[in-house]
Amino acid sequence: MDSNVKELATEVLPYIRVYKDGSVDRLVDSPIVPPCNEDPETGVSSKDIVVSKSPPISARIYLPKHVEQSPKVPLLVYFHGGGFCFESAFSFVETKYMNRLAKQANVVVISIEYRLAPEHPLPIGYEDCWSGLQWVASHSIDGGLKDEPWLSTYVDFDRLYVGGDSAGANLAHVILLRAGSEGLNGVKIKGAFLTHPYFWGSKPIGSEIKNNEEREKLATCMIWHLVYPEAPGGIDNPMLNPVVEGGPSLAGLGCSRLLISVAKEDLLRDRGVSYYHAVKKSGWKGELMELVDVEGEDHAFHILAHESETAMKLIQKLASFIV
């Protein structure tokens with residue numbers, strides 16, 4: 001036997017392989033790209049910043065062209081997708097997406113680079129995103145942090161939004177509940193968008209596969225067990241199954257505007273629709289809630305097929321939501 005051949009511990013294909021020596025092969029990552037002084041397509045400027053040295057949290061921040069100190073513009077704090085275990089705020093597809101969103105919405109965007117499982121199992125990713133949001137919000141306080149001039153100079157913190165796609169939408173949901181219960185340095189989150197949210201549960205809903213053995217083999221199950229092996233309640237932990245009995249009330253979501261987007265061909269679609277209806281029934285007292293259901297498209301199409309007409313329409317919808 002070749003001593004150089006690594007022994008496989010687990011794999012969730014086509015996404016990730018984990019070896020017994022602790023090394024990881026991420027099989028579908030988009031290439032890492034540098035920030036840009038002025039993106040040739042959108043004119044948006046971007047740069048990479050350090051949010052925290054300990055724990056190590058960084059971010060990529062985007063500034064649209066022609067933004068002035070007055071009037072100030074909204075801010076979107078964004079959490080990328082990738083099953084909590086792959087992708088990056090610095091990847092090609094995420095950077096392309098953020099450039100377009102920043103331009104079309106005319107907002108400052110900051111995309112948090114949280115630590116990935118399995119090297120850093122959940123709840124580390126949740127904590128990193130919460131710390132990143134707290135750091136951002138601290139720029140709004142008189143005498144507070146002024147580490148990042150794009151935040152302190154151009155942002156109207158009365159128009160703070162959070163958003164994410166897939167696992168990033170899951171992160172945004174958990175962040176909203178935490179902001180609702182703990183507060184955020186006196187800053188209120190005005191709105192949030194959750195696009196193709198990664199929610200799941202042990203009991204099948206809608207058109208999901210009913211056979212338990214087959215469900216256990218789905219990436220939706222296997223990824224969660226990989227990224228959060230110690231999750232209380234397993235697949236029915238309220239972080240993954242927000243409508244589970246005994247979970248935190250969705251009335252506590254800490255924002256006043258909420259946009260849920262799903263795609264008809266997405267395995268996760270029914271979970272997003274269920275979440276939308278559960279929030280409506282919860283007693284949540286927000287001013288606006290909307291569900292967008294895109295025909296003929298699959299999971300994260302607006303990022304993976306970003307040149308398509310439907311992708312551009314969804315990005316425009318998300319952009320117009322940030323006011």
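Just after helix α1, N106 takes a positive phi of about 55 degrees. Helices here are DSSP runs of H or I with at least four residues, strands are runs of E with at least two, and both are numbered from the N terminus. This is a predicted model, in which local features need pLDDT of at least 70, side-chain atom pairs count only at pLDDT 80 or more, and totals for chains, interfaces and linings use all residues. Residues are numbered from 1 along each chain as its sequence is written, and side-chain values use heavy atoms, with hydrogens and water left out.

Let us step back into α1 itself, which covers residues 92-105. Because 10 of the 14 residues are buried, α1 is largely enclosed by the rest of the structure. Buried means under 20% relative accessible area, exposed over 50%, and partly exposed in between, with a 1.4 Å probe and protein chains only. Among the buried residues of α1 are V93, Y97, M98, L101 and A105.

Now follow α1 to its partner. Two packed helices are described by the angle between their axes and the distance between the axes. Helix α9 (residues 309-321) packs against α1 at an angle of about 50 degrees, with the axes 9 Å apart. Axes are lines fitted to C-alpha atoms, for helices over the stretch in contact, and angles run from 0 to 180 degrees between N-to-C directions. The two helices are therefore oblique to each other, given that angles under 35 degrees count as roughly parallel, over 145 as roughly antiparallel, 65 to 115 as roughly perpendicular and the rest as oblique. On the α1 side, Y97, R100, L101, Q104 and A105 make the contact, meeting M312, I315, Q316, L318 and A319 of α9; contact means heavy atoms within 4.5 Å.

Finally, turn to the loops. Most residues other than glycine have a negative phi, and most peptide bonds are trans. S166, in the loop between β8 (155-165) and α4 (167-182), has a positive phi near 60 degrees and is buried at a relative accessible area of 13%. A300 has a positive phi of about 60 degrees and sits between β11 (288-294) and α8 (301-304). A cis peptide bond joins S54 and P55, with omega about 5 degrees.

Key: Expected span 1.5 Å × (residues − 1).
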